Structures are given as C-alpha cells and as structure tokens.
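Have the viewer open and follow along.

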Amino acid sequence: MIIHNNEIAQKLDEMGDLLAIKGANKYRIRAYKNAARSIRSQGRRIDEMIDSGEDLTQLDSVGKDLASKIKEIVSTGELSDLKKLKNQLPSTLLNLLDLEGLGPKRVKRLYDVLEIETQDDLKKAADNEKIREVKGFGKKTENNIREQLLDNNEKDRRFRIDKVEELIEPFRAYLQNIDTVSDLVIAGSYRRRKETVGDIDFLVIATDSKNMIEAFTKYEEVKKVISKGNTKSSVMLKTELQVDLRVVEKRSKAPALLYFTGSKKHNIKLRKLGIDKGYKINEYGVFKDDKRIKCETEEDIYKLLNLEYIEPELRENRGEIKAAKRNKLPDLIENKDIKGDLQMHTKHSDGSSSIKEMVEKAIEIGYEYIAITDHSSYIGVTNGLSDSEIPSYLDELKRVDEEYSEINVLSGIEVDVLEDGKLDLTDESLKRMDVVIFSIHSHFNLEEKKQTDRILTAMDNKYVNIFAHPTGRMINKREGYKYDIEKVVQHAASSNIIMEINGSPSRLDLDDINSKMASDNHVSLVINTDAHSPKELSFMKYGISQARRGWVQADEVINTLNFTDVIKKFKR
DNA sequence: GCCGTTTTCGGCCCGACTGTTTTCAGTCG
C-alpha cells in the first residue's frame with residue numbers, strides 16, 4: 001500500500017495528543033511524538049522499507065511496539081489503537097490544542113466539566129462566560145480564548161525565510177540602537193536557516209534587561225504584548241509575526257546562543273550527553289557540581305561534550321550528534337564555493353530583463369560562468385521558445401558570450417516535460433544547447449506510478465542534464481507532485497542526471513531532507529537561483545542554506561567546479 | 001514507549017512566565 005511518511009507521522013501525532021488528553025504517562029506520549037518526528041525527517045519512504053523487509057527499529061525513537069504499529073498503518077491505512085481512543089474521546093478535541101494556552105490538561109477539563117468538544121462549543125461557552133467558572137480557568141483565559149477564536153484565520157502560519165528577513169530588519173536595527181545593548185543575535189530556526197520560521201527569537205546581551213524589555217514591548221510595530229517578564233518577553237507584530245526576546249548577561253552568551261538556536265530536540269540530546277558526563281547545561285551556562293565551567297563559544301561547549309562543532313543548519317537531531325562524536329560531520333558547502341549559476345530566465349520567456357542585464361549582474365557577483373535557460377513554449381504563460389525560435393535565441397546568446405570576456409555564458413533551455421514523459425522541443429533543438437534543464441509544470445495530479453514513469457522517461461532523453469525543482473512544491477502554497485522520488489534519485493545516479501536544489505525562496509526544491517537523500521545516493525547536485533531578474537540572482541544564499549541543511553558538501557555540487565570542469569558534466 | 005562505552009530497568013532537559021492561586025499547575029519553547 002502506498003502511504004507517505006507524513007500520513008504515518010500524522011497518525012502517531014494524533015495518538016500522542018489523544019493519549020495526552022486522556023492523561024497517559026507523559027513519557028509514553030513523548031515516545032509517540034518522537035517517533036512521528038523521526039519519521040517525518042526520514043529521506044526514505046517507510047512503506048518501501050517495510051516492502052524490502054527492513055527492520056524499522058533501526059529508526060530513531062522507534063522500538064518494537066511502535067514498529068508494529070507503523071506496519072499496521074502501512075498495511076491497513078489505519079491504527080486500531082487510535083480508533084479505540086477516538087471512540088473514547090472525540091477527535092475534534094485535537095483542534096482545541098491549537099489554541100494558545102490550551103494544553104491537554106485544560107482541554108480534558110473543559111470536556112469533562114462543560115462537555116466542550118469543538119471550537120464552536122468553546123466559542124459558545126466563552127461567549128456565555130462559562131469557562132471562567134471552571135477550576136483553573138479565569139476571566140483572562142476566557143477572554144484570550146474568545147479573541148483567538150475570533151481571528152483564527154491567521155493561525156498556524158509560518159513565514160518564508162526571505163519575507164521574514166525583510167520584516168525583521170527594521171526591528172533588529174531599532175533594538176541594536178539601544179545603548180545598553182552590547183550584542184544581538186537572531187537565534188531559533190532563523191539561524192538554522194529553515195525555509196520557513198514560525199517566530200523570531202532575539203537573543204540580546206545587555207547590561208539592563210528591564211529597560212531592554214521595556215523598549216522591546218514599546219516598538220511601534222507591536223500589536224500585542226503576549227508576555228513580559230524580567231528577562232524574557234514575547235510580542236505579536238502588526239504583520240502577525242511573533243517575536244520573542246531573551247536577555248542574558250555576557251558570560252551566558254554561548255550557552256544561551258546554543259540553547260536558543262535549538263532545535264529543541266538537538267538541545268535535549270546535548271543535555272543528556274552532558275548529564276552522562278556530569279554536567280548540567282542550561283541557557284545560563286555549563287555547570288559541574290554547581291560550579292560554572294568556562295565556555296566562551298559554542299565550540300567550547302561542543303568540545304566539552306567531546307563533539308565536533310555542529311553548524312546551526314545541522315542541529316535538527318537527524319544524526320548530527322552521532323556524526324560529531326565520530327568526527328564524521330560533512331564539510332558543508334559555503335557561499336564562496338559557488339562559481340556560477342545554471343538556471344535563469346530572460347525576456348526570451350518569462351524573465352524581466354535582457355540577457356545582457358543578467359550577464360552584467362553575474363559579472364558583478366563575480367561568477368566565472370552562467371547558463372541562460374529560458375522556457376520552452378508548452379506552458380503558455382511563460383511565453384517560451386518553440387523550435388523555430390531556437391536558432392535566433394542561440395545566435396544572441398553566442399553574441400553576448402563573445403562580447404563579455406569576463407564570464408562564460410552557456411546556452412541553455414528549461415524544457416517542459418509533457419504528460420507522457422516526452423519533451424517539448426525536438427532533439428535537434430536540444431542537441432544544440434550547452435545545457436538542458438527539464439522540469440514539470442503541468443499534470444501535477446497524475447497517479448503516482450504514472451508520474452514516476454513520466455519522469456524516468458524524460459531522464460532517458462540523452463540530451464537532458466539537470467532535473468530542475470524536482471518535487472514541484474511551492475512553500476506555503478502547494479505540496480509537490482506525488483511520485484517515487486527514491487527511484488528517480490537512483491536513476492539519476494546511474495544515468496548522470498544532475499538534480500537541482502532550486503534556491504528561489506518560494507521553492508527551495510530539493511528540500512533539506514531530499515537533498516540529503518540524493519547526496520546519500522551519490523547524485524550530482526546543482527544549486528541554481530531560477531532568477532527571473534538580475535536581483536533574484538541573490539537567491540543563491542537560500543539554496544546554499546537548504547543544501548547545508550541537507551548535509552551537502554561542495555564537492556557534490558557541480559557549480560562549485562571551474563568552467564572547464566563543469567562543462568564536462570554536461571556530456572552524456 | 002524508548003533507550004543503553006552505567007544495556008533488560010529506571011530513568012526520561014530545563015527554566016520562564018502567566019493566571020490562578022495563596023504556593024503552584026499548566027503551558028511554552
């Protein structure tokens with residue numbers, strides 16, 4: 001049975017939440033949550049692991065019991081224990097947990113005392129001032145619940161990394177200007193360079209935390225102060241972005257940075273390691289028998305735990321601690337490794353600028369080469385190139401390449417894959433290109449097997465080189481199309497197809513997990529911007545971040561090669 | 001329910017803030 005990792009994880013998550021409401025042992029609950037998380041971060045498909053007879057207990061946080069439950073989900077699509085729980089408790093209670101301030105204990109109490117099962121029930125009870133009468137609740141909690149239910153539409157939103165950068169810069173500048181601030185860092189998932197962030201975590205080293213907090217909450221863009229203590233505060237901005245502030249003294253900078261960068265799971269692992277060695281680690285420092293151990297940098301703390309330094313992008317508890325113990329961490333790719341950009345568009349299709357304008361910007365960045373890769377014509381909206389237009393397109397590219405001695409301009413195309421896996425241009429046209437990118441922009445909803453075959457067919461065209469934005473997902477907009485990506489990755493490895501990490505912040509595709517999976521399968525990668533204007537050539541940094549999160553090293557990425565070596569990669 | 005260079009039991013990270021209480025449970029990160 002075809003079932004995706006996310007669906008398995010979802011069931012385990014529900015199981016954990018319902019057990020929590022029921023009041024089960026908290027470590028049992030945590031076990032379900034941990035397993036769900038572990039499955040979500042697998043590059044491999046669990047159903048295929050089962051098909052090939054692999055032992056699921058080799059996965060992190062999955063033991064004998066959960067392995068058999070996962071097998072049950074994969075073979076039947078259901079989990080009988082979850083069904084049983086849902087007979088005892090309405091599953092709509094899970095929606096109540098989404099509200100801030102409502103955890104399992106309170107949800108259970110509302111259910112027991114007021115028979116509240118749904119958000120509608122909750123709304124009615126709040127309007128009738130019934131909630132304040134329940135033990136453990138009061139007027140404030142009731143009001144908070146009512147307000148949240150009123151503007152529920154903005155809930156659960158995560159912001160794209162590029163949007164957040166824009167939104168947060170003025171706030172950062174404002175805080176930086178306060179004179180008691182000696183240092184300010186944005187920690188959290190922002191520092192880990194996740195593709196989206198739920199909130200911003202400011203870590204500030206300041207001499208006067210009270211004043212600092214005061215200034216923080218008085219910032220003009222603040223819509224609501226969520227909490228305000230002596231060292232910690234949270235606010236909601238008018239843009240609906242939540243921002244947390246934590247103030248610590250200078251000697252706590254490294255442990256605080258480590259702690260607030262997360263991820264939570266990574267931290268928990270570190271603290272456990274610490275305990276094994278007799279250390280207590282918290283955001284204020286590292287302690288042995290209540291005595292502070294001097295740690296000035298994050299490196300110092302990792303070293304104390306006998307670990308290699310772990311870059312923020314890797315701190316997701318996906319095996320980085322084990323690797324650090326054995327000095328087996330990857331030597332992550334960096335911005336400076338990139339020597340060219342191999343996907344961009346011009347006025348010849350849906351780009352905003354001329355070839356020359358793109359070239360000049362690329363020279364300014366310092367690239368050794370670029371490829372211009374306008375669309376083929378299948379998708380009408382991109383106003384792309386048909387076979388008859390290819391000769392003049394190539395002529396212009398040639399002229400521009402000769403005009404600029406500072407850079408090599410490769411001729412390229414982003415050709416559409418048709419429904420049956422054939423390509424939108426003739427081999428005659430493709431043959432004339434230095435580099436051929438193929439990608440999918442239509443028929444997203446084919447049945448999984450058909451979609452897989454379609455891609456494999458396209459890969460077998462002997463003129464194609466790069467599979468662009470391979471899953472087609474758009475961040476916060478749509479999921480990728482469904483196909484057997486492992487099979488495609490393996491085929492790419494055996495047939496010298498390069499897979500793209502698309503740096504456009506709306507795509508970031510391959511994502512971190514699939515990048516790692518491709519890298520583990522020894523597929524060559526390329527990091528491109530897919531720029532549609534000169535400005536968008538700056539998207540490279542997002543692609544690099546995503547690659548770093550996927551444990552990718554420079555030597556796996558073809559556009560770190562110099563010009564003479566990179567063109568060899570396009571011969572098939 | 002998971003996990004183990006203290007492995008088959010006995011642990012399971014740690015602290016801040018809020019609202020409701022009157023010393024703390026619940027929630028959050």
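**Around the DNA**

Start with DNA strand B: 48 residues surround it, and the closest are Gly103, Gly138, Lys228, Tyr259 and Arg271. (A residue is near a strand if one of its heavy atoms lies within 4 Å of it.) Of the atoms of DNA strand B that come within 4 Å of the protein, 76% belong to sugar and phosphate. Keep in mind that this is a predicted model, where local features need pLDDT of at least 70, side-chain atom pairs count only at pLDDT 80 or more, and totals for chains, interfaces and linings use all residues. As for bookkeeping, residues are numbered from 1 along each chain as its sequence is written, chains are lettered from A and ligands numbered from 1 in the order in which they are written, and side-chain values use heavy atoms, with hydrogens and water left out.

Now zoom in on some polar contacts (pairs of N or O atoms within 3.5 Å). With Arg271, the side chain does the work: one of its N or O atoms is 2.4 Å from a sugar or linking oxygen of DNA strand B.

Several elements give two or more residues to this surface, including helix H2 (26-40), helix H7 (104-114), strand S5 (222-228) and helix H14 (264-276). Here helices are DSSP runs of H or I with at least four residues, and strands are runs of E with at least two, numbered from the N terminus. H14 gives the most, with six residues. By class, the surface near DNA strand B has 14 nonpolar, 13 polar and 21 charged residues. (Ala, Val, Leu, Ile, Met, Phe, Trp, Tyr, Cys and Pro count as nonpolar, Asp, Glu, Lys and Arg as charged, and the others, Gly among them, as polar.)

**Two helix pairs**

Next, find helix H1 (residues 5-22) and helix H5 (residues 80-88), which pack at an angle of about 40° with their axes 10 Å apart. That makes H1 oblique to H5.

Finally, look at helix H20 (residues 448-459) and helix H21 (residues 485-494), whose packing angle is about 10°. H20 and H21 are therefore roughly parallel to each other.

Technical notes: Axes fitted to C-alpha atoms, helices over the stretch in contact; angles between N-to-C directions. Parallel < 35°, antiparallel > 145°, perpendicular 65-115°, else oblique. Polar contact = N/O pair within 3.5 Å; in protein donor to acceptor, adjacent residues only side chain to side chain.
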